[in-house]
Structure formats: C-alpha cells, structure tokens
Amino acid sequence: MKTSAAIYAELVQFACQHVKNNIIKDCAIGENCLAVASDLGCGLAFLERSFWGVMPSHKEIKVLEQEISSMGLDALVPKYLDDDPLTAALAFAAINAVCASSSEHKLGEFSLQSILAQHKRLGMVGYFCPLMPEVRASGIELEIFELRDIAGTHRPQAAAEIMPHCDLVIFTGSTFVNKTFHFYQPHLASGADVYILGPSTPLASMLHKNFSLGGSLVRAGSEDEVFNNIRQGYNYRRLQPWLTKVVACHV
C-alpha cells in the first residue's frame, strides 16, 4: 500500500493507462462542482466551501471551459499533480471520467448500519453530515478529523496518535480533490476496514485493492442537464436526481 503523496501519482498513472485516444467533449465549472465529459463517461469533482478564494468571473470561466474542452484526456489527467488547485481539481474530474468506464464497480450503496455494527471505533475523515444520525445512534466510538475548526473534531496532525486505534475508517472522496488523503494514510491500522465514500470518489482498481469505494456517476442521457445545473451552482443534494450510486468492494 502506498503511504505517501505517491498515491496521487499512481492514480494519474492508472488513468493514463486507460485514456486511449479519448478527447474531452465538455467541461462545466460551478461553485460547488467541476465536471469533465469524454467518450468514456463523465467525471465529477465536488468542492469544499473554502475552495474558491475568489470565484473567477463568468467570462473567465467560459474561457477556461472552452480551453479544457479542446484538450485530450491524456493532456489534462497529468495536471492532477499540479500545484494550482483549480487545474488539479479539473484534472481529477478528468480522472473520474476515465474511471466511469470501469466494469469493476456495480450499482448500489453500502449498508452503513451493518458496517458500524462490526466495528468498535470509527475514524471519519471529513464531517459527513448525512451519516451522523446513524453513526451517533450506533453507539460506535467516533473520532472525526477535519481541516476546518469544528468543535469536537481533530485536525490532521492528531491522526498519528488516534487513527491507529480505529478499526474502521471512512474518508470523504474530497480528500482526493484537495489531495489530503496522504496526511492520514500512513496512520491506518493494518487490519482496519477503510471506505472512501462520496460523489467525488475515484473508482480506480488500484484503490479498491486496498479500500472499499462508494461513488456516484452521471446517469446516461442526463449529461447536458447535469452540466448546465453545475454551471448554475447546484450542490450534490440538488444534483442527486441525475446521479447513480455505485460501489467497488475491497476483497
């Protein structure tokens, strides 16, 4: 298992092996989500509230969308390793467009209740508001790691001490958008069950060799509507009617 930022380079390498000669057909940039479409599928990258320091102007966004739409997937994917957050996030959406064509995932979602029942201590990386009622009701011991200052949560620096004692860890897929996954990965217990969940989760086989993945794909025939809604600032909740949940299980 990779234990450093090298995991991002491995993800790029995986995607580059599968881009073939596919080109980008469309790009959408919104306040809450970025999207890239190709013949292989549509890829999404949902953004944290703090992503935009200053949102580009409408004109700047249109120019960038056109620039991205004129590129090949093989040119955009490697830019995931760039330092510029917007460039990297758009490249990550392109990686997810490649992963969308994978035959190794299936329709469905994980049963959180049954997962929680099998474990004693949960490390949650990212504050999953929709999951919290079920997590609290399960009685599992809970440790939450956040980049933001939220009462009752830990900063990434605390992972070295706390995370090795968690037998269950759930990451938000956004840790691959902001490239913070590697802060925590070296501190995972060797026997821990690890899930990466959320609509940004990359459904790459090189990840589900070690982790169970749960993501979302744009439903066939809904691409134009989804991209237009992303440009209008729709968040995940509002986009859900046009998305399908999928899983790839670690065996």
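**Close-up views of a predicted model**

View 1. Strands of a sheet pair through backbone hydrogen bonds, and the pairing can be parallel or antiparallel.

**View 2. Strand β8 and its two neighbours.** Strand β8 covers residues 193–197. Four of its five residues are buried, so β8 is largely enclosed by the rest of the structure. Strand β7 (residues 168–172) pairs with β8 in the parallel sense, over five bridges. Strand β9 (residues 212–218) also pairs with β8 in the parallel sense, over three bridges.

View 3. Strand β10 consists of residues 243–248. Two bridges join β4 to β10, and the two strands run antiparallel. Within this pair, L107 stands opposite V246 in β10.

**View 4. S38 in strand β2.** S38 is found in strand β2, which spans residues 33–38. Its relative accessible area is 4%; the limit for a buried residue is under 20%, so S38 counts as buried. The side chain of S38 reaches the backbone nitrogen of L40 at 3.0 Å. Leaving aside residues up to four places away in sequence, S38 touches I23, K25, L73 and A97.

**View 5. K20, a loop residue with a positive phi.** K20 is found in the loop between α1 (6–16) and β1 (24–29). Most residues other than glycine have a negative phi. K20 is not a glycine, yet its phi is positive, at about 55°. The relative accessibility of K20 is 65%, and the limit for an exposed residue is over 50%, so K20 counts as exposed.

View 6. K179 is found in the loop between β7 and α8 (181–184). The phi of K179 is near 50°, a positive value in a residue other than glycine. Strand β7, at one end of this loop, is the strand that pairs with β8 over five bridges in View 2.

Definitions and conventions:
Residues numbered from 1 in each chain as written. Predicted model: local features only at pLDDT ≥ 70, side-chain atom pairs only at ≥ 80, totals over all residues. Heavy atoms only, no water. Buried < 20%, exposed > 50% of the residue type's maximum accessible area, 1.4 Å probe, protein only. Pairing = 2+ DSSP bridges. Polar contact = N/O pair within 3.5 Å; in protein donor to acceptor, adjacent residues only side chain to side chain. Contact = heavy atoms within 4.5 Å.
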